[in-house]
Amino acid sequence: MEAVNRLALVINDPHLDPDLKSIALKVLHGERITFDEGVLLYEKGELGYLGVLANYIREKKNGNYTYFNRNFHIEPTNLCVYDCKFCSYSRLIKERSEGWEATMDEMLATIKKYDNEPVTEVHIVGGVLPQYNMQFYMDLFRAIKKHRPDLHVKALTPVEYHYIFKKAKVDYATGMRMMKEAGLESMPGGGAEIFAPEVRDKIAKDKCNAEQWLAIHEEWHKLGMHSNATMLYGHIEAFHHRVDHMERLRQLQDKTGGFQSFIPLKFRNKDNQMSDVPESSVIEDLRNYAIARIYLDNFPHIKAYWAMISRDTAQLSLSFGVDDIDGTLDDTTKIYSMAGAEEKNPAMSTQQLVELIKNVGRHPIERDTLYHVVTDYQDVVFDEATSPKKNYYSLPVLND
Ligand code: SF4
């Protein structure tokens, strides 16, 4: 059944709550929902209802396409001057023995390891330390672009930029322009956590606040560049904090149009200072993807990190608003596994990713960082002999 027909069935359900019916009608007519309606969706919207609305928007914006890219990560250090309570990754400077601090040469050696690989992006993000200053990162970006001009440099978040610009005594506009000149091409979405100060101060005190995070993205967008945005959910925040977070992003996107994708990040409670806080259920994760898709009407893409939520949930998420499941990763990030993600060794080949997408009836597209099509895999048949054994179950095809 077509997504629009499913939406019509929901709207015509005589038992549907009138407020939810009104939201469904807005979705059908392409109208924006309000803050209160966003909260209402969290409070009252059951999974099936939310999935129908989100899938309608997803297919209207992105058809049946599901995007992924071929990337690898460089994490310069897991030492950090900050002490975010949810962070399972960082080791404070006093715990240096448990950390790593990669040198410029080591990072360039990692880049060179991929010389003969068809990767399109390097994703650089890690902890914040004084020696990784503005000059260091400008030198690093220049060296990467000199060695491999076609490799897209997606690097650092406003958490790092706020810190290094302050140390270098440059304003955000100047700093971002200098980063662009050095070779930075886009910004990942991290460090956003939850914007509302009453939550942010409890879980991520001291690092850049909401206004600073948004201001740095705004300066970047003003240069004609793109970035992503995240939201860390499922810990001590209330539903209205999530909607407030998305509202601030929606407003900035109205102004600049520079965001490409929104990535909800599930709070994980392993080995951090919030281990007593239970994690959200898979149902709540799917509801959250769907509400993000409905609320953020001006964001082109909703992304799920398969390495964070598991391959099965990533497959499910494709029916709840998600149209991008990130990259092949090649086991180069520790951020997810150290936080308790299901994937301890997050590597997936292109073939595995393509099959994962096809098995739920979606159309796999390898993209570059800016969502240009690199390869359309719909009709690509992999050699059976080299096909990896499936370790997941096919879901019913939803796009008949
Ligand atoms: S979340 Fe980022 S800024 Fe916070 S402690 Fe961890 S590495 Fe540092």
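So, where is the place of Cys-80? Cys-80 sits in strand β3, residues 79-80. Strands here are DSSP runs of E with at least two residues, helices are runs of H or I with at least four, and both are numbered from the N terminus.

Quick housekeeping. Residues are numbered from 1 along each chain as its sequence is written. And this is a predicted model: local features need pLDDT of at least 70, side-chain atom pairs count only at pLDDT 80 or more, and totals for chains, interfaces and linings use all residues.

UniProt, in an unreviewed entry, puts a "binding site" feature at Cys-80, Cys-84 and Cys-87. Those positions use the numbering used here, feature names are shortened, and annotations may be inferred rather than shown by experiment.

Is Cys-80 buried or exposed? Buried, because 20 other C-beta atoms lie within 10 Å. The rule is 20 or more other C-beta atoms within 10 Å for buried, 12 or fewer for exposed, and partly exposed in between, with C-beta atoms placed from the backbone. If we skip neighbours within four places in sequence, Cys-80 is in contact with Ser-90, Leu-92, Gly-127, Val-128 and Leu-129. Contact means C-beta atoms, placed from the backbone, within 7 Å.

Cys-84 is in the loop between β3 and β4, the latter being 91-92. Cys-84 counts as buried too, because it has 22 C-beta neighbours inside 10 Å.

Next up, helix α7, residues 158-168. Eight of its 11 residues are buried, so α7 is largely enclosed by the rest of the structure. The buried ones include Glu-160, His-162 and Phe-165. What covers them includes α6 (134-147), α8 (172-182) and α10 (210-222). Just after α7, Lys-169 takes a positive phi of about 60°.

Across the boundary, 20 residues of domain 1 are in contact with 22 residues of domain 2. On the domain 1 side, the elements giving two or more residues are α3 (35-44) and α4 (47-62), and α4 has the largest share, 10 residues. That side divides into 11 nonpolar, five polar and four charged residues. Nonpolar covers Ala, Val, Leu, Ile, Met, Phe, Trp, Tyr, Cys and Pro, charged covers Asp, Glu, Lys and Arg, and the others, Gly among them, are polar.

Methods
Two residues are in contact if their C-beta atoms, placed from the backbone, lie within 7 Å.
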